[in-house]
Amino acid sequence: MDCQLISLNGSMCFSKSYHTFRFQNIGSYNNILDRSCCQPRVSLRNRAIRCSMKSYKLSELTKDEVDNLKARPRIDFSSIFNIVQPIVDDVRVKGDAAVKEYTVRFDKVEVDKIVENVNELPAPELDATVREAFDVAYNNIYAFHAAQKPVEKIVENMTGVRCKRVARSISSVGLYVPGGTAVLPSTALMLSVPAQIAGCKTVVLATPPTSDGSICKEVLYCAKKAGVTHILKAGGAQAISAMAWGTASCPKVEKIYGPGNQYVTAAKMILQNSEAMISIDMPAGPSEVLVIADKHANPVHIAADLLSQAEHGPDSQVVLVVAGDGVDIRAIEEEIEKQCKSLPRGEFASKALTHSFTVFARDMVEAVSFSNLYAPEHLIINVKDAEKWESFVENAGSVFLGQWTPESVGDYASGTNHVLPTYGYACMYGGVSLDSFLKYITVQSLTEEGLRKLGPYVATMAEVEGLEAHKRAVTLRLQDIQAAAAAK
């Protein structure tokens with residue numbers, strides 16, 4: 001099927017046809033519950049693939065059309081809340097019993113003991129190559145996040161008026177590691193390493209159990225290495241609820257982190273506004289990537305980068321921004337078709353591509369400007385001299401510069417964190433960092449001379465605001481100072 005190019009001219013709906021990715025789909029979907037997700041899961045039994053991405057030319061779009069283009073597909077959270085709220089309430093009342101019931105219902109697994117003390121579990125045996133990969137990732141993630149440790153600095157604003165800000169760890173944290181259609185031990189590292197550096201005392205990691213009720217050995221290896229204290233063998237809204245409320249076996253946490261599907265996100269949103277008194281890392285949505293490519297970019301690499309996010313799930317979104325002339329679109333199409341057909345998760349990728357798109361920008365200025373409007377979770381700048389464009393990036397979760405920097409390195413082992421804002425929230429949120437596991441306390445200390453200098457100004461401001469007690473807290477002290485000075 002050809003896709004149409006929207007025109008700036010309001011009298012014309014479409015101006016020109018561009019080829020889109022032409023794949024046939026002769027398979028069907030089986031709706032089965034995704035593990036710990038409460039949502040349909042796509043069967044991969046039939047391998048025929050269909051993918052299509054619409055195309056647009058930025059210079060021919062109105063402002064409203066560009067705004068519509070950057071908007072994500074809307075999620076009907078009202079209906080999702082109606083599903084999740086009873087789970088949240090059940091776990092609050094019934095605790096461990098409710099978690100076990102929902103684990104049987106959604107994961108089809110019976111678990112006698114839902115929480116394990118990590119110190120009591122034997123170290124899992126991993127293939128040497130796999131263990132080395134996770135060790136390298138751990139070391140890089142640790143180094144990058146350890147470098148973020150705040151440096152305490154005392155500021156003397158006036159003589160005798162000293163102020164500072166001190167960091168303290170959040171005492172008890174909950175880390176959510178998805179385990180539905182893909183096991184993600186890398187997420188265990190991304191969340192537990194900064195918690196370890198911050199010095200969080202209680203670290204609960206929630207992840208769905210395997211089919212035999214055990215913990216994924218790679219997740220367990222990462223958890224033990226990074227100092228996790230407890231593992232909750234549950235997923236979905238029930239796991240978030242157990243960590244938020246606390247149960248007989250699961251410690252209550254103060255903040256919950258980690259990616260998840262729309263049901264996990266809904267549970268986090270409900271509970272942060274409840275009597276559970278928890279906070280969350282950030283709003284989340286489906287995974288996404290925006291790739292800016294010019295004529296120097298390799299079509300093989302472009303296709304691989306787009307598909308690396310599309311394979312996450314059918315609700316993922318990928319965007320290709322073509323910067324300038326000379327880009328071989330046909331070669332990119334062919335590579336996407338070739339690579340998508342050979343992917344084990346090809347149907348997930350093909351479904352994601354149906355609501356993804358390509359935009360044509362006249363140059364890099366226009367390309368980066370659109371990216372800033374879109375505010376992608378991942379931004380790949382695969383152009384000549386990519387580094388010079390870094391300073392122009394205003395909104396993105398994580399940026400990958402140059403032809404040798406695939407998004408996958410950030411997902412796993414470069415050292416940066418892969419828990420990032422999606423759905424356009426990169427306009428006002430950053431990704432998980434060491435700061436996410438810290439809280440800051442301000443401290444001030446005044447000498448007698450300091451209060452003599454600053455006090456009168458404070459008293460004047462309190463009087464302006466009509467807060468007499470505030471004023472007296474200063475003036476009574478000033479009177480004592482004056483009296484002591486007079487008595488000498």
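This is a predicted model: local features need pLDDT of at least 70, side-chain atom pairs count only at pLDDT 80 or more; totals for chains, interfaces and linings use all residues.
What does β17 pair with? Strand β14, residues 288–293, runs parallel to β17 and is joined to it by five bridges, and within that pairing A293 stands opposite N382.

In general, nonpolar side chains in soluble globular proteins tend to be buried together. In this model the largest nonpolar core has 39 residues, and V173, L189 and F437 are those with the most contacts inside it. Helix α4 (128–146), strand β9 (172–176), helix α5 (185–198), strand β10 (202–207) and helix α6 (217–225) each supply at least two residues of this core, and the largest share, eight residues, comes from α5.

Next comes an open sheet of three strands, in the order β7-β8-β19, with antiparallel pairing. Its edge strands are β7 (154–158) and β19 (438–446), each of which pairs on one side only, and the twist averages 25° from one strand to the next. Strand β8, residues 161–169, pairs with β19 in the antiparallel sense over nine bridges, and the bridge partner of K164 in β19 is V443. Across β7, β8 and β19 lies helix α14, residues 448–464, running at about 95° to β19.

On to the aromatic residues, where the structure holds ten aromatic pairs. Why is the pair of F357 and F370 called edge-to-face? The ring centres of F357 and F370 are 6.4 Å apart and their planes stand at 75°, and planes over 60 degrees apart count as edge-to-face, so the pair falls in that class. This pair links distant parts of the chain, since F357 belongs to strand β16 (residues 357–361) and F370 to helix α12 (residues 364–374), 13 residues apart. Both F357 and F370 are buried, and together with Y56 and Y374 they form one aromatic cluster.

A second pair, W389 and F392, is tilted, at 5.4 Å centre to centre with 50° between the planes. Are these two residues buried or exposed? W389 has a relative accessible area of 12% and is buried, whereas F392, at 48% relative accessibility, counts as partly exposed.

I will finish with two places where a charge sits over a ring. The charged end of R165 sits over the ring of Y440, 3.8 Å from its centre, and the charged end of K225 sits over the ring of Y138, 4.9 Å from its centre.

Key: Residues are numbered from 1 along each chain as its sequence is written. Side-chain values use heavy atoms; hydrogens and water are left out. A nonpolar core is a set of buried Ala, Val, Leu, Ile, Met, Phe, Trp, Tyr and Cys residues joined through side-chain atoms within 4.5 Å. Buried means under 20% relative accessible area, exposed over 50%, partly exposed in between (1.4 Å probe, protein chains only). Helices (H or I, at least four residues) and strands (E, at least two) are DSSP runs, numbered from the N terminus. Two strands pair if DSSP finds at least two bridges between them. Axes are lines fitted to C-alpha atoms, for helices over the stretch in contact, and angles run from 0 to 180 degrees between N-to-C directions. Contact means heavy atoms within 4.5 Å. Rings of Phe, Tyr and Trp (its six-membered ring) pair if their centres lie within 6.5 Å; planes under 30 degrees apart count as stacked, over 60 as edge-to-face and the rest as tilted. A charge sits over a ring if NZ of Lys or CZ of Arg is within 6 Å of the ring centre and within 35 degrees of the ring normal.
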